[in-house]
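Welcome! Here is a friendly walk through a structure that may be new to you. Please take a look at it before reading on.

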There are 2 protein chains.
Amino acid sequence: MTKIIDPYGTELVEDYAKAIKDFGLEVFMPSPFPEPNRVMRRGVVFAGRDLKIIARCIKEKKPFYALSGIMPTSEQIHLGNKIVVENLAYFQKHGAITFILVADLEAAAARGVSLEEGRRRALEFHIPAYLALGLEPKKTIFYFQSENKDVVHFAYEAAKKITLNEFKAIYGSADPGRIMSAVTQVGDILYPQFKERMPGIIPVGLDQDPHIRLTRDIVSRMKKKRFFAPSSLYHKYTPSLDGSIKMSKSKPESCISLPEDPKAVCKKIKKALTGGRDTLEEHRKLGAIIEKDMVFELLKTHLIEDDAELNKIYEEYKAGRMTSGEIKQLACDKMTAFMNDFNAKLEKYKKIVKDLNFVKFS
Amino acid sequence: MTKIIDPYGTELVEDYAKAIKDFGLEVFMPSPFPEPNRVMRRGVVFAGRDLKIIARCIKEKKPFYALSGIMPTSEQIHLGNKIVVENLAYFQKHGAITFILVADLEAAAARGVSLEEGRRRALEFHIPAYLALGLEPKKTIFYFQSENKDVVHFAYEAAKKITLNEFKAIYGSADPGRIMSAVTQVGDILYPQFKERMPGIIPVGLDQDPHIRLTRDIVSRMKKKRFFAPSSLYHKYTPSLDGSIKMSKSKPESCISLPEDPKAVCKKIKKALTGGRDTLEEHRKLGAIIEKDMVFELLKTHLIEDDAELNKIYEEYKAGRMTSGEIKQLACDKMTAFMNDFNAKLEKYKKIVKDLNFVKFS
């Protein structure tokens with residue numbers, strides 16, 4: 001399975017294999033999707049639910065939607081958000097009606113960010129950042145959760161369709177705040193179908209799967225097949241620069257956020273865990289252990305678009321002709337270019353944010 | 001305690017005494033309240049929470065509010081609703097800023113009444129009915145729960161202040177739908193304080209006490225004393241005409257609703273449980289057992305305003321000079337007059353419902 005999942009041999013860590021089995025996911029195969037994007041081609045996207053119907057919508061040019069949310073809790077996003085946006089942009093390019101909701105209600109309840117502050121952060125940073133990462137400004141539909149009465153009203157209805165024990169089975173625990181947030185997210189996930197029933201794809205990190213399961217359960221209990229159960233797409237976590245499974249702000253020295261000062265990022269990259277050998281002599285002889293190399297991981301997942309270019313680096317590094325130092329310098333250069341480009345786009349999109357397509361609610 | 005509670009000797013049934021003890025209620029005493037109304041004077045109102053602060057607001061003419069909700073599930077109300085409205089009208093007359101919310105969101109979630117249908121029922125029946133029962137049209141503030149974003153947003157915040165086990169301790173059980181409804185009601189109860197902190201009184205049936213307790217618990221956990229804990233006022237259930245503790249639509253032959261055809265109501269009254277003796281001779285000799293008499297209960301709680309008039313009936317009936325048949329005929333006549341008056345007022349207020357003071361939300 002590993003080979004199919006990731007042509008560069010990064011191991012499908014036990015957690016991902018277990019998740020596929022435990023959650024009943026499908027292994028993601030890029031073949032049914034036209035022109036799969038970087039993360040689809042390279043095993044970063046590794047699983048999904050009901051993907052066939054989305055592939056068919058693309059092929060037959062039938063209506064479907066793609067949706068994701070912005071949680072305006074800080075003025076940075078992480079590389080996982082970047083992957084989600086890149087996947088959204090992929091589906092948008094292939095015909096999906098694309099929705100971005102600002103989860104200001106949830107940010108207020110869960111993190112104490114006032115609705116005003118959440119709105120400001122979304123307008124001044126998150127939305128421009130999502131556009132900078134590839135969404136089409138004119139083709140993306142935005143809304144604020146706190147303004148969307150339809151979603152909130154639906155949340156009340158959705159709550160009636162699930163018992164406490166079922167909720168606990170999905171989320172592991174159940175407290176009133178979590179329940180409110182979760183059923184509201186169910187409303188968000190289905191919102192594009194309120195007017196017209198159609199398939200939809202929700203690209204998420206694995207930790208968001210409970211919302212997908214809850215939504216699918218609730219949909220299955222609704223009378224008259226009001227909704228298609230949402231399809232979903234899962235990407236692997238971007239590993240921490242120190243080699244642990246997931247980058248986390250709790251370890252800032254091993255975590256890259258957007259935006260971040262390129263010099264500071266380069267410093268972190270220079271200290272990252274690589275698959276280089278202890279001595280240059282050994283490295284030349286044995287080559288790098290690429291599946292342990294966090295810098296190659298960055299190049300593969302985020303920084304190199306062209307497959308031939310990445311393949312060449314892979315071969316050179318694996319054969320020991322490229323060193324870890326060279327890989328690090330390359331990643332640093334690419335990351336600096338990326339950050340500069342991101343920042344320039346961010347400034348550009350900040351200026352047009354008011355002209356975007358926000359859903360108006362009466 | 002019984003005597004203080006009810007001067008006409010209707011027993012404070014075990015459930016009420018137990019409720020006072022278990023829920024930590026205060027026994028209601030009419031004395032601190034100026035010109036107590038019929039149900040306050042006659043032991044129908046039997047308990048409360050934090051009543052002193054309300055009596056003080058009345059005495060010192062300080063701002064306070066009274067609030068109740070309309071659940072637009074059918075186009076009838078019951079005699080318990082009537083008592084609540086009469087208590088609201090009492091506080092309104094004595095200075096309370098009075099709020100009536102239409103719980104259309106809850107009716108939609110809990111009973112499948114669409115928001116449109118709930119709105120229609122509230123405008124065409126419930127609101128005119130509440131005015132017919134004594135609220136001042138120009139002094140009452142109305143809102144629809146589904147339009148009140150502030151209440152819904154607050155519900156998310158409130159949900160964070162309570163654990164699942166605390167919720168279960170209050171409500172006996174916890175399912176997601178109930179949790180959503182309950183925290184929304186907390187928002188409703190506190191809504192009049194969103195702009196200005198002030199005491200408030202919520203007249204309720206005993207079965208609504210969990211909402212009061214939840215609200216008081218949540219208020220106590222909010223920082224900066226944002227809210228006064230709500231005061232509350234409890235009335236006894238109107239007993240079923242067959243003598244059981246609570247009128248219920250599940251036994252229509254023992255239940256009186258508003259509006260209802262007076263002839264049908266008279267038929268029910270004629271079959272009601274009374275405290276009359278088995279034979280006329282015995283009745284004249286022993287007199288009626290008034291504390292078992294459901295028709296006297298109706299006169300006392302709902303149909304006779306004047307204390308002297310009620311006292312006279314009490315004495316005559318107790319002494320056996322009035323018969324159960326006479327009491328029934330009296331109740332039938334009074335109820336017919338009441339129903340006719342109610343219907344006439346209902347028609348009158350239906351015509352002005354659009355000019356009432358509805359809160360506008362942006």
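In which loop does A:P259 lie? A:P259 is found in the loop between β9 (257-258) and α12 (262-270) of chain A. The helices (H or I, at least four residues) and strands (E, at least two) named here are DSSP runs, numbered from the N terminus.

A word on the source: this is a predicted model, in which local features need pLDDT of at least 70, side-chain atom pairs count only at pLDDT 80 or more, and totals for chains, interfaces and linings use all residues. Residues are numbered from 1 along each chain as its sequence is written, while chains are lettered from A and ligands numbered from 1 in the order in which they are written.

**Backbone details**

Most residues other than glycine have a negative phi, and most peptide bonds are trans.

|---|---|---|
| A:L258 and A:P259 | about -10° | between β9 (257-258) and α12 (262-270) of chain A |
| B:L258 and B:P259 | about -10° | between β9 (257-258) and α12 (262-270) of chain B |

A positive phi, near 45°, is found at A:E35, in the loop between β1 (26-27) and α3 of chain A. A:E35 counts as exposed because 10 other C-beta atoms lie within 10 Å. In chain B, the phi of B:D50 is also positive, near 45°, and B:D50 sits in the loop between β2 (45-49) and α4 (51-60). B:D50 is partly exposed, with 17 other C-beta atoms within 10 Å. For these words, C-beta atoms are placed from the backbone, and a residue with 20 or more others within 10 Å of its own is buried, one with 12 or fewer exposed, and one in between partly exposed.

**Where the chains meet**

The contact between the chains takes 23 residues from chain B and 23 residues from chain A; two residues are in contact if their C-beta atoms, placed from the backbone, lie within 7 Å. On the chain B side, α6 (104-111), α8 (149-159), α9 (164-171) and α10 (176-190) give two or more residues. Of these, α8(B) gives the most, with 6 residues.

**Two domains in chain A**

Chain A is assigned domain 1 (2-237) and domain 2 (252-345), with bounds from an automatic or database domain assignment. Their centres, taken over C-alpha atoms, are 29 Å apart. The contact between them takes 16 residues from domain 1 and 14 residues from domain 2.
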